[in-house]
Each structure stands twice: as structure tokens, then as C-alpha cells.
Amino acid sequence: MSDVSVIGLGAMGSALAIALIKGGYAVTVWNRSPEKAAPLVAAGAVQAGSAAEALRASPVTVICIASHDKTLELLGAAGDAVSGRTIIELSTGGAEDAEALAAHLDGQGADWMIGIINAYPTGISLPETVLLMVGAEPVWQRCAPIIRTLGGGSARVGDRAGMIAALFAALFTTRQGFMFGMIYGGLVCRKAGIPLDVFASQIPVSMGVLPAYHKYFSDTVPAGKFDNPPATMTVYAAALDDALATFRALGAHAELPQLFSDLAHRGVEAGLDDKALTALVELMSRD
Ligand SMILES: NC(=O)c1ccc[n+]([C@@H]2O[C@H](COP(=O)([O-])OP(=O)(O)OC[C@H]3O[C@@H](n4cnc5c(N)ncnc54)[C@H](OP(=O)(O)O)[C@@H]3O)[C@@H](O)[C@H]2O)c1
């Protein structure tokens with residue numbers, strides 16, 4: 001018997017297994033393509049001959065393969081090997097697939113935590129790395145030492161399986177807002193003849209404002225209080241119009257600034273002109 005099994009030894013699963021071995025756990029590993037287990041065996045892991053064998057080898061199994069639906073397929077094929085075990089599912093997937101997986105595990109008498117990893121494999125085991133998990137509180141209490149070995153800042157954020165996909169969508173969209181902001185920024189700079197290395201070197205000026213944006217959001221949305229903001233919906237709408245006009249004048253693709261401007265104007269037209277821009281969360285969630 002080992003302490004933890006790891007199923008899925010791709011870039012991420014291998015990093016998870018190494019972190020557990022280094023963290024002092026006795027680890028069993030299994031991967032569909034068996035040759036990927038060799039470096040883990042060299043590092044001290046035991047290689048199981050099948051997924052079912054890996055599940056039976058430890059009270060807790062971490063799974064990190066392509067997606068929740070593949071995990072469900074794999075567990076379905078493993079029969080009753082999962083009964084009485086605890087699954088920590090770290091594959092990516094949508095809300096419906098997460099709920100289906102949890103329902104299968106409940107039906108098999110298995111405990112589960114489902115999570116997202118907010119890091120590249122190189123971030124695994126660092127104290128600041130965060131895995132966000134959902135699942136029952138008592139299961140979290142049992143699994144937290146393992147999960148915090150993978151990411152020291154990890155936390156349980158809810159109990160329903162489907163919540164994790166929504167949280168992933170929210171956090172990924174937040175990051176991608178910045179990513180696509182840079183892409184459109186590059187576009188308008190190129191049209192204006194601004195060297196892209198100049199733009200790239202000045203992006204940290206905008207990054208410096210992000211903590212203040214986060215505070216603006218955190219001070220308003222959670223409490224639903226949008227009065228007396230440091231910049232109102234009207235102020236944002238005007239600035240966004242200026243940015244949009246520049247994109248248009250330069251003939252740059254303007255889908256993103258157009259969206260920003262449209263949304264701010266929608267807020268103004270709804271009577272939120274002197275409120276925080278973030279009041280759009282409430283306005284639009286009524287749709
Ligand atoms: N890499 C990252 O930065 C990162 C960050 C956060 C989350 N994740 C998530 O972690 C998961 C794994 O990502 P990765 O980067 O490790 O991918 P990867 O390097 O492409 O590895 C994929 C792994 O999934 C296994 N797999 C795929 N389909 C399978 C199936 N039907 N049955 C059994 N095993 C199957 C593969 O087995 P074979 O070796 O046999 O193909 C391999 O072990 C994904 O859900 C990903 O979204 C990754």
C-alpha cells in the first residue's frame with residue numbers, strides 16, 4: 001500500500017507525482033502510455049500495471065489527464081476499484097462533466113475533491129501556488145496536506161462539483177482580458193507605427209494599475225455598493241470612447257474596445273452614470 005497514487009503522467013501529472021515523492025509520500029503511478037512512468041520510478045515511485053491497480057494501491061488517488069469526461073471513462077472501466085477511495089481530480093473540464101463525475105463517485109461510495117491548478121508544472125510544490133478545490137469539508141480536511149504539498153496556497157472554495165468550472169471560467173476570463181488587451185494594444189500600436197518593443201516595455205505601467213483595479217472591484221461588487229467610486233461609469237464611458245475612436249481612426253480591428261464602450265454606455269443608459277463601472281456585474285446578471 002502506498003500513500004497516494006497518481007494517474008496521468010503528462011507534463012502536469014509528472015510534476016504532481018514528483019512533488020508528492022519529494023514531500024515524503026509513498027507514491028504509486030500509472031499512465032496510459034507506460035513509458036512515461038520511468039522517471040517517476042527512478043525517483044522512487046511504484047508503477048502500477050493498470051488504473052484499477054493504482055486506485056487499489058492507495059487510499060487517495062490524484063488524477064490529472066485530459067479532461068473530466070476521460071476521467072469518468074477511466075474510472076468507469078476500473079469497476080469497483082474506486083469504492084471506498086478518495087479521488088482528487090485535477091483534470092480540466094466543464095461544469096456538467098464535473099457533476100457527472102461526482103455523481104459516479106458518489107454512486108461508487110468514493111469521496112472526491114475536484115480542483116483547478118493555477119500554475120504551470122514548474123509552479124507545482126511552490127508555497128505561493130494555488131489549487132482551488134471543491135468538495136465536502138471533511139474530505140478537504142483529510143486531503144489538505146496532500147493538496148498543499150502540490151501548491152502551498154491551496155484552498156477549498158465550495159462543495160458543488162460544477163462550481164469549479166465556473167470559477168475557472170471567471171479567473172481565466174480575468175487573465176485573458178489582460179492577454180487580449182495586450183493583443184489589441186499591439187494592434188493599435190502597429191497601425192500607429194509605434195515599435196512593439198516600446199509598447200511591450202511600457203505594459204508594466206498598466207500592470208502597476210492592476211492592484212488598484214482589483215481594489216475597485218473588491219470594494220464594490222462583493223458588497224453590491226457602487227456609490228462614490230474613484231471613477232464613475234460616465235468617466236469610463238468617455239475614456240473608452242476616446243480609445244475606440246483612436247482604433248477606428250487608425251483602421252485597427254476594434255472589436256474589443258467596441259465591446260468595452262458598448263457595455264459602459266449600457267450602464268450609463270440604465271441610470272448607473274455616477275456608479276462604479278463594476279455595477280455592470282449586477283446590471284448584466286439580470287439578463
Ligand atoms: N500543463 C499545464 O500547464 C496545466 C496547468 C493547469 C492544468 N492543467 C491540466 O492538467 C491536465 C493534464 O495536462 P498536461 O499538461 O499534463 O497534459 P499532457 O502533457 O498532454 O498529458 C496528458 C495526460 O493525459 C493522459 N490522457 C489523455 N487522455 C487519456 C485517456 N483517455 N485515458 C487515460 N489517460 C489519458 C495522457 O496519457 P498518454 O501519455 O498515454 O497520452 C497524459 O498522461 C489537463 O486537464 C490540463 O488542462 C495543465
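**View 1. Two domains set side by side.** The C-alpha centres of domain 1 and domain 2 are 37 Å apart. Domain 1 covers 4-159 and domain 2 covers 166-285, with bounds from an automatic or database domain assignment. Please keep in mind that this is a predicted model, where local features need pLDDT of at least 70, side-chain atom pairs count only at pLDDT 80 or more, and totals for chains, interfaces and linings use all residues. Residues are numbered from 1 along each chain as its sequence is written, and side-chain values use heavy atoms, leaving out hydrogens and water.

**View 2. Where the domains meet.** Four residues of domain 1 contact four of domain 2 (heavy atoms within 4.5 Å). About 340 Å² is buried between the two domains, 81% of it from carbon and sulfur atoms; this is accessible area (1.4 Å probe) lost on putting the parts together, summed over both. Look for Ile116, Asn118 and Leu132, which supply 72% of the area that domain 1 buries against domain 2.

View 3. The rule finds zero salt bridges between domain 1 and domain 2 (a side-chain nitrogen of Lys or Arg within 4 Å of a carboxyl oxygen of Asp or Glu).

**View 4. The largest cavity.** Its volume is about 40 Å³, taken as the space filled by probe spheres set on grid points joined across faces, edges and corners. On a 1 Å grid over the protein atoms alone, a 1.4 Å probe fits at cavity points but cannot get out. Residues with an atom within 4 Å of a point count as lining, among them His68, Ile116 and Phe168.

Methods
On a 1 Å grid over the protein atoms alone, a cavity is a set of points where a 1.4 Å probe fits but cannot get out, and a pocket is an open set with protein on both sides within 12 Å along at least five of seven lines; lining residues have an atom within 4 Å of a point.
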